[in-house]
Amino acid sequence: MVRLAEVMRQHETLSFEVFPPKTDVGMEKLPKVLEELCKFKPEYISCTYGAGGTNVGKNREVLQMVKQAGTIPVTHFTLIKNTREGIKDQLQQYLDEGVDHILALRGDIPRGETTTCGDFDYATDLVAFIRKEFGDQFEIAVAGSPEGHIACRSLDSDIAVLKQKQDNGADYIMTQLCWDMEQFDRWLDKIHKAGITMPIDVGIMPILDQAATINMALSRNGCVMERELSRLISKYWIFPNPFDKEPFDDALEQKKADFRKAGIEYTIKQIDKYRALGVHGIHLYALNKSEAVSEIIEGCGLHTLV
Ligand code: FAD
């Protein structure tokens, strides 16, 4: 098995995240998108997992497509509504299908509930369980939140949890979105002081669409929108608001195009800043589209990693 954490320690890596399309048409189009993405020789492509196992079948199908496209599939996996036995069965199924890289997550607590509705409470438990049941058969990534997870008691307590994930056997970190570079730098310093040595793969969402950007930052994660990004959103604001199904903005199409262009430039600058801080990998949310991703990769010279 290729140990991605080892690869990240040797050189900077590029990887992508995709999600299982909702429609059959989306599923049919995905192999072509993956083929395009693989032209950039990503170290791996990860696929999201619907909390509560809502899209497990499609997640497994997508992972096979990733393999076919010629790179390592990494599956996201959550504890939500999963029992010990259920987790064991699903993980064995992944192994049987040649998927041995996993991002071990708790998942978001289902609306109206106060617990995971499963046998475990936290991602730390999942990491320990995987190591106990499967030894070294999986390489395990875990989530890290540079601004602190939205529900954590404090940044320090969240970092203690991250250290626990490492102690329980996790191999590397995939980060939550963070546009606040000063905070990211502080977090790096703090986790190193806490004895966390796992390589850091930075999660980056291309800024292409106002509603998606605001939604991603605020619907769950509580990410700070730093000034330059807020200004971009204001500058190209779609009236009455970017979520409106029938916007009455006369310049709608122009604004969308201008925002996309400015967003790509912004994303490129963010990647430059992360790389200057010495992160181990750039993990781009490809959003199941290859065009914007290619513009970003070429714009920031990541294709020269190949
Ligand atoms: P944990 O690490 O368990 O932390 C959850 C909260 O509990 C934190 O506030 C933490 O500080 C606290 N905590 C942890 N352990 C303890 C403890 N022992 N005692 C007290 N408090 C504790 N979700 C999906 O549903 N599907 C996906 O595919 C998906 N992909 C993601 C990919 C990335 C890169 C990231 C960063 C997140 C992803 N998520 C996904 C979202 C993720 O499931 C949520 O952010 C979830 O709310 C937290 O998951 P976690 O693994 O960080 O949880």
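In the predicted model, helix α6 contributes the most to the shell around the ligand, supplying 3 residues. The shell as a whole comprises 22 residues, among which Tyr-49, Asp-108, His-149, Asp-158 and Lys-165 are the closest to the ligand.

A polar side-chain atom of Asp-108 is placed 2.6 Å from a ligand oxygen atom, while a backbone N or O atom of Gly-107 lies 3.1 Å from an oxygen atom of the ligand, and a polar backbone atom of Cys-152 is found 3.2 Å from a ligand oxygen atom. The ligand taken alone exposes 970 Å², of which the protein buries 84%. Two or more residues of the shell are given by each of the elements β3 (72-78), β4 (101-105), α6 (155-167) and β6 (172-175).

Helices α8 (210-221) and α10 (252-276) each provide at least two residues of the lining, and the largest share, amounting to 5 residues, comes from α10. In terms of residue class, the lining of the second largest pocket divides into 8 nonpolar, 1 polar and 4 charged residues.

Methods
Residues numbered from 1 in each chain as written. Predicted model: local features only at pLDDT ≥ 70, side-chain atom pairs only at ≥ 80, totals over all residues. Heavy atoms only, no water. Near = heavy atom within 4 Å. Polar contact = N/O pair within 3.5 Å; in protein donor to acceptor, adjacent residues only side chain to side chain. Areas by Shrake-Rupley, 256 points an atom, 1.4 Å probe, with all protein chains shown as cover. Helix = DSSP H or I, 4+ residues; strand = E, 2+ residues; numbered from the N terminus. Nonpolar A, V, L, I, M, F, W, Y, C, P; charged D, E, K, R; others polar.
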